[in-house]
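Please look through the model below with the following numbered points beside you. They are meant for a colleague who has not seen this structure before.

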Amino acid sequence: MSEIPGDLKFLSSHEWARLEDDGTVTVGISDHAQDLLGDIVFIELPEVGKEVEAEGDAAIVESVKAASDVYTPISGEIIEVNSALEEQPETVNGSPYDDGWFFKVKPINVDEMSNLLSPEEYSEVCED
Amino acid sequence: MKKTFLYEDHLSHDAKMVDFSGWSMPINYGSQIDEHHQVRNDVGIFDVSHMSIFKISGQNAESYLRYIFSNDVKKISDKNKALYGLLLNENGGIIDDLIVYHSEGDFLIVSNCATKEKNEAWYQVHASKFDVSVEYIDNHGILAVQGPNSIKVIEKIFRGDASSLNTNECVKTDGVMVAKTGYTGEEGFEVICENKYLRKIWNSAIESGAKPIGLAARDTLRLEAGFCLYGSDMDESVNPHVCGLSWTVDLNDEDREFIGKQAFLNINEKDEQKMIGILLKDKGILRPGYEITHIEGKGIVLSGTFSPTLKKSIGLARIDQTNEQSGKVKIRDKELEIEFVSPRFLKKI
């Protein structure tokens, strides 16, 4: 089973969200997701300043096999993107929870985090 | 789900197994990109035992094959050799693509797994007219050993002439047929034999330096080589011209009648769309179904992927006739530039 860090929250569509000390939320895709996708070869990130709505599409990840939408777990403004992924998308395969983060959101309502799945709940999703 | 004889061996090499037309097959053993490079730079081994094998027996086997196959098996019937070609229907549409092997008097057909039932029915309909028997061989498997170092591996496993075969030649050695054929664009061999020999050959190849390669890498390898995939790049709705496969329709012997011949002769190639290779200039990945436009018309992406060798996206496409060298492809809400090129992305063969 994929390793799931305890400080993360999840969408059932395999995105993770981490509430940082400064109140922003970092978003990426899970280890399980990168494993399902296989070798990741292209990532389209949102523009900084874009307003996104929880569970709306915010980025695109393409493996050799297929293209998938990446949804944001939380509503708000995109304040930073991991542009290193544009040159090295394979980082997501090797480090989905750290160097392979996608973007940071300044949330409108941080309470939305409580709508997300806990690591335990998410791991049940992965087993289905 | 059907399993090949080497199912457990794949699991022991950490394969990720997927459902491939009803067969549980290894899609990768970790990284399909690493596996792709392994075949381009060294040597890999594929279990392709899901492919269908048919044996054609009877005095009229040659006449029968000359009638149902687009290519003329007369070219190989006095040799030990393989011949690529198509099964055409009466309209010139492509029922399947396949390889006919002739070895020491025996004719074998190897074709796709998803088309097995359809082909079998087609073979049987026409077999009665020629008094031949067509038998599906389910106790055999196929291994492909591909890559620049494949000769070294074959040399170690098989005695005799196997490693010195020329392209498309085949030889039987100790009950195993070894052919210089493949689907990767690299020098390579395909081995057809009874299941009981498979594990020994698989293990010997791995001991000799071959790494297991999954079907995902097989797809990027074939696409770089410009080989069509049945179901994606061709089907019964298109004729060989449209797929760049008219070279597999042998018209040299004017007296040879074969299914689809008249329909094929009635087609004016210039009226048809054509198959091309496409290269995406920008970042992004070409996918089947994406729409193409150029100054004189339009087209569609049939196969598209990321080329691990070229490190950019490539594809096969069908477009309206044009001499234009470039066009545009619609990817989601963007129009991106593509170059029209030969489908042989790697001219290595």
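1. In this predicted model, A:Arg18 stands opposite A:Thr26 in strand 3 of chain A. Strand 3 of chain A pairs with strand 2 (residues 15-19) of that chain in the antiparallel sense, and the pairing runs over five bridges.

2. Turning to the nonpolar cores, the largest holds 25 residues, of which A:Ile29, A:Ile43, A:Phe102 and A:Phe103 touch the most other members. Among the elements of chain A that give two or more residues to this core are strand 3 (25-29), helix 1 (31-37), strand 4 (40-44) and strand 9 (103-107). A second, separate core of 24 residues includes B:Ile56, B:Tyr67, B:Val73 and B:Ile109.

3. The contacts of A:Ile29, leaving aside residues up to four places away in sequence, include A:Trp16, A:Leu37, A:Ile40, A:Val92 and A:Phe102.

4. In chain B, B:Ile192 lies in strand 13 (residues 188-194). Is B:Ile192 buried or exposed? B:Ile192 counts as buried because its relative accessible area is 4%, which is under the 20% cut-off. Beyond residues up to four places away in sequence, B:Ile192 touches B:Ile53, B:Tyr101, B:Leu108 and B:His140, among others. B:Met234, by contrast, is 42 residues from B:Ile192 in sequence and 26 Å from it in space, C-alpha to C-alpha.

Key:
Residues are numbered from 1 along each chain as its sequence is written. Chains are lettered from A and ligands numbered from 1 in the order in which they are written. This is a predicted model: local features need pLDDT of at least 70, side-chain atom pairs count only at pLDDT 80 or more; totals for chains, interfaces and linings use all residues. Side-chain values use heavy atoms; hydrogens and water are left out. Helices (H or I, at least four residues) and strands (E, at least two) are DSSP runs, numbered from the N terminus. Buried means under 20% relative accessible area, exposed over 50%, partly exposed in between (1.4 Å probe, protein chains only). Contact means heavy atoms within 4.5 Å. A nonpolar core is a set of buried Ala, Val, Leu, Ile, Met, Phe, Trp, Tyr and Cys residues joined through side-chain atoms within 4.5 Å. Two strands pair if DSSP finds at least two bridges between them.
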